Amino acid sequence: MSELSELDQTYCVIRDRLRETGQAPHYTELAVALGAPVREGYRRLHDLMAHPYPCWLHPGTDWIASFPPFSNIPTQYRVSVEGQQRWFAQCGFESLAMCWVFPGKTVRIDTRCLSSGKSLRIEMRDGKVLLAEPGTIYGYVNLPMAKWRENIPYA
Amino acid sequence: MNLFRSEEDVRAWADFQPDTEEAVMPLREYAQLWAIENYRARIQDDYVTRFPTLQAERWVLLEKLGRRKTHFWDPPPPPPAR
């Protein structure tokens, strides 16, 4: 990864850990993966979290909370890949982007309607919706995009 | 950024805001929006470097979908200088 920027290297380690295990690394683990001292892992984690890429730490901690399309905290958007439920999506819209980090694989999203509580199921592969139950699924966000950064976990 | 069983369920949601019509979209339109290069490129190792150049496509697509009649999807202000 020597030709990649520091931010790209940090991104790849976290993304790949999430893809493989469904869990984000702590900065101590990040440091090991980068072959760097612990304090360097801490710095590089915080540098990436300050980037406009919409990832964030749990407030007041150094624990990765969200790293799109993944959430490191359970959400109502449960994601299965090739039949294994190991991941959570950052939000409903990001659940639709999960298939891009699992190319060629069938990604299933199981969730519940935020209004009625009834179940929803979507299957996608490489951007194609293979199945949507029911066929009437809608998406919605009630906050204008310009305000998402002000309260991104809520948006 | 949530998913609902139907358009009726969106409108019946306790947190639905009446001035947000441009965000009420069927699954296929949100799937299109979350399929622009910004999302497809996340599997590439130089994604963070490329991130700033990948955003404009979103607003072109929203325009095509007829979703830019209000300010709802206007881009966020640039982040403060560090």
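Predicted model: local features only at pLDDT ≥ 70, side-chain atom pairs only at ≥ 80, totals over all residues.
Residues are numbered from 1 along each chain as its sequence is written, chains are lettered from A and ligands numbered from 1 in the order in which they are written, and side-chain values use heavy atoms, with hydrogens and water left out.

Along its principal axes, the C-alpha trace of chain A spans about 50 × 35 × 25 Å. Chain A contains four helices and nine strands, these being DSSP runs numbered from the N terminus (helices, H or I, of at least four residues; strands, E, of at least two). From the N terminus on, the elements follow the order α-α-α-β-β-β-β-β-α-β-β-β-β. Eight strands of chain A form an open sheet with antiparallel pairing, in the order E1-E2-E3-E5-E4-E6-E7-E8, where two strands count as paired if DSSP finds at least two bridges between them. Strand E1 (56–57) and strand E8 (128–133) of chain A stand at the edges with a single partner strand each, so one side of each is left without a neighbour in the sheet. E1(A) is joined by two bridges to the antiparallel strand E2 (residues 64–67) of chain A, and A:Trp56 has A:Ser66 in E2(A) as its bridge partner.

Several loops of chain A show backbone geometry of note. Most residues other than glycine have a negative phi, and most peptide bonds are trans. The peptide bond from A:Pro68 to A:Pro69 is cis, with omega near 5 degrees, and A:Pro69 is found in the loop between E2 and strand E3 (70–71) of chain A. A cis peptide bond also leads from A:Glu133 to A:Pro134, with omega near 0 degrees, and A:Pro134 lies in the loop between E8 and E9 of chain A. A:Glu82, in the loop between strand E4 (78–81) and strand E5 (84–89) of chain A, has a positive phi near 50 degrees.

Strand E9 of chain A takes part in a second open sheet, of three strands, with the order E1(B)-E9(A)-E2(B) and antiparallel pairing. E1 and E2 of chain B are its edge strands, each pairing on one side only. E9(A) is joined to E1(B) by three bridges and to E2(B) by two; A:Tyr138 stands opposite B:Phe4 in E1(B) and opposite B:Pro26 in E2(B).

Over the interface as a whole, 45 residues of chain B are in contact with 56 residues of chain A (heavy atoms within 4.5 Å). The area buried between the two chains is about 4,700 Å², of which carbon and sulfur atoms give 66%; buried area is the accessible area (1.4 Å probe) lost on putting the two parts together, summed over both. In chain B, B:Met1, B:Leu3 and B:Arg5 lose the most area to chain A, together 20% of what that side buries. The rule finds two salt bridges across the interface, a salt bridge being a side-chain nitrogen of Lys or Arg within 4 Å of a carboxyl oxygen of Asp or Glu. A:Glu94 forms a salt bridge with B:Arg42, the closest N and O atoms being 2.7 Å apart.
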